[in-house]
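Here is my note on the model, point by point. Please keep the structure open as you read.

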Amino acid sequence: MDVARLKQSWSLVAAHGDQVPLYFYSTLFLAHPETRQMFPTNMAGQRDRLVAALGHVVSHVDQVDRLVGFLRDLGADHRKFAVRAEHYPAVGEALLATLRHFCGEAWTEELAADWAAAYGLVAQVMVEGAQAAESQSPPWWVAEVLTHEQRTFDVAVLTVRPQYLLPFTPGQSIGVSHPAVRSWRYYSPANAPRPDGTVELHVRAAPGGVVSSRLVYGCAAGDQIHLASPVGDRLTLWQAGSSDLLLLAGGTGWAPVKALVEQVAAEGAGRRVDLYVGARSRTEFYDSEAIDKLAATHPWLRVSYVAGADPARPGESVRVADRVLADGDWRSRHVYVCGSDEMVGHSVAALTGAGYQPGQVHHEGYGKHWYGPAWRTMTGAGAEGPGTTEVGR
């Protein structure tokens with residue numbers, strides 16, 4: 001395979017923008033209508049994601065050692081879409097037809113062979129990952145909604161109980177779907193693993209988000225939802241060793257941070273933890289009762305609330321990271337940041353500018369990617385998650 005030729009051709013195709021995914025899905029669904037049921041009814045937010053993922057992965061097939069773990073996990077994860085081994089050739093066929101169409105005269109037999117070989121390798125690893133996962137976990141877990149609390153107009157807190165134990169590490173994200181829709185969103189559990197296996201989810205209804213809107217406005221105790229295997233490790237505590245922590249949470253980005261606080265409490269390691277919780281206004285601190293209880297119970301935890309807009313300071317906006325830097329020098333600590341893309345982006349930039357090292361500032365990444373945190377971790381990609389794009393959104 002000529003990797004340079006693959007990358008050059010992908011750049012040529014990607015320059016056609018939205019026309020590429022439109023052509024790809026039209027080709028796939030016309031030639032293989034049985035695949036349509038694996039995708040959301042509303043494709044508006046979906047169209048570019050699969051094609052972008054395929055293009056990125058296949059054109060970076062020279063980094064196969066780096067990609068193998070991700071691709072195996074991706075193959076296992078795709079079981080929740082009812083993807084089977086026989087579907088991969090159909091996707092590959094549509095991909096090559098799309099590439100041929102947009103490459104035009106630049107498309108050659110050699111280039112076709114390169115793309116076919118690269119896609120074949122990717123598909124093989126994903127199929128192997130799916131097959132290996134069959135003996136370890138189901139494609140998804142059915143979970144009962146035990147409680148549904150509407151905390152604000154657009155935020156709900158759900159407690160759900162999977163039929164079988166769903167193992168996860170605090171800071172990871174799990175796929176969540178409702179049987180009424182064919183879409184999945186990734187949410188970070190707002191708790192450390194519990195003996196009874198229950199999971200707490202903090203969900204903000206995102207504009208146009210079919211999953212988040214269903215969970216916030218169209219879900220009640222007694223309903224069933226589906227959960228998928230956990231992904232991602234950027235927000236897990238293993239990276240911090242035994243260091244003291246500085247935690248920054250914005251909106252429903254508080255969910256994974258809450259899980260980290262519970263993990264510290266369970267470990268009893270004697271860490272010092274300073275927690276800054278931000279919201280747009282004082283009325284949006286939707287989980288303050290639980291936060292205050294944690295602070296009152298654990299003397300090693302110090303909590304500060306940061307309201308972006310305060311009636312006492314009209315016209316003035318306060319950001320979490322700015323408040324953190326004004327309060328002291330935390331460069332001896334590991335820092336975890338979770339919230340909207342805007343909040344995370346500003347916080348990371350502010351901390352980096354103040355001398356904090358990349359290895360001590362942990363965040364999930366940016367972007368509304370179909371594959372969730374695992375895709376962002378693998379690609380280092382930037383830009384539906386928690387809140388507007390918050391974790392556990």
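**Notes on the predicted model**

1. Start with helix α1, residues 3–14, in this predicted model.

2. Now look at the sides of α1. Val3, Leu6, Ser9, Trp10 and Val13 are its buried residues. Around the axis they cover an arc of only 130 degrees, which puts them on the same side of α1. Ala4 and Gln8 are exposed, and they sit on the face turned away from that buried side.

3. Look next at the N-terminal end of α1. Which residue caps it? Aspartate 2 does: one of its side-chain oxygens lies 3.2 Å from the backbone nitrogen of alanine 4.

4. Step back to the whole chain. The protein chain has 393 residues, and buried residues make up 54% of them. Its secondary structure comes to 12 helices and 11 strands. The accessible surface is about 16900 Å², and carbon and sulfur atoms account for 53% of that.

5. Check the cysteines. A disulfide is a covalent bond between the sulfur atoms of two cysteines. With a cut-off of 2.5 Å between sulfur atoms, the count here is 0 disulfides. Cysteine 103 is buried, at 6% relative accessible area. Cysteine 219 is buried too, at 8%.

6. Go to aspartate 77, in helix α4, residues 64–77. Is aspartate 77 buried or exposed? Its relative accessible area is 9%, so it falls under the 20% cut-off and counts as buried. Setting aside neighbours within four places in sequence, aspartate 77 is in contact with Tyr186 and Ala228. Proline 139 is 62 residues away from aspartate 77 in sequence, yet their C-alpha atoms are 7.3 Å apart.

7. Helix α7 covers residues 210–217, and Val211, Ser212, Leu215 and Val216 are its buried residues. Seen down the axis of α7, they fall within an arc of 120 degrees, so they line one face of the helix. What do they pack against? The partners are the strands β1 (141–150), β2 (155–162), β3 (173–177), β4 (185–187), β5 (199–204) and β6 (224–231).

8. Serine 177 belongs to strand β3. It is buried, at 3% relative accessibility. Its side chain reaches the backbone oxygen of serine 183 at 2.6 Å. Leaving aside neighbours within four places in sequence, serine 177 is in contact with Ser183, Trp184, Val211, Ile225 and His226. Val211 is also one of the buried residues of α7.

9. Arginine 271 deserves a close look. It lies in the loop between α8 (254–267) and β8 (273–281). Which backbone oxygens lie by its side chain? The backbone oxygen of glycine 241 is 2.7 Å from a polar atom of the arginine 271 side chain. The backbone oxygen of serine 243 is 2.6 Å from a polar atom of that side chain. Beyond its neighbours within four places in sequence, arginine 271 has contacts that include Leu237, Ala240, Asp244, Leu245, Val264 and Trp300.

10. Valine 261 sits in helix α8. At 1% relative accessibility, it counts as buried. Leaving aside neighbours within four places in sequence, valine 261 is in contact with Leu247, Leu294, Trp300 and Leu301. Trp300 is also among the contacts of arginine 271. Asparagine 191 is 70 residues from valine 261 in sequence, and the two C-alpha atoms are 8.6 Å apart in space.

11. Finish with glycine 253, in the loop between β7 (245–250) and α8. How accessible is glycine 253? Its relative accessibility is 0%, so it counts as buried. Glycine 278 is 25 residues from glycine 253 along the chain, and their C-alpha atoms are separated by 9.3 Å.

Definitions and conventions. Residues numbered from 1 in each chain as written. Predicted model: local features only at pLDDT ≥ 70, side-chain atom pairs only at ≥ 80, totals over all residues. Heavy atoms only, no water. Helix = DSSP H or I, 4+ residues; strand = E, 2+ residues; numbered from the N terminus. Expected span 1.5 Å × (residues − 1). Buried < 20%, exposed > 50% of the residue type's maximum accessible area, 1.4 Å probe, protein only. Arc of directions from axis to C-beta. Polar contact = N/O pair within 3.5 Å; in protein donor to acceptor, adjacent residues only side chain to side chain. Contact = heavy atoms within 4.5 Å. Areas by Shrake-Rupley, 256 points an atom, 1.4 Å probe, with all protein chains shown as cover.
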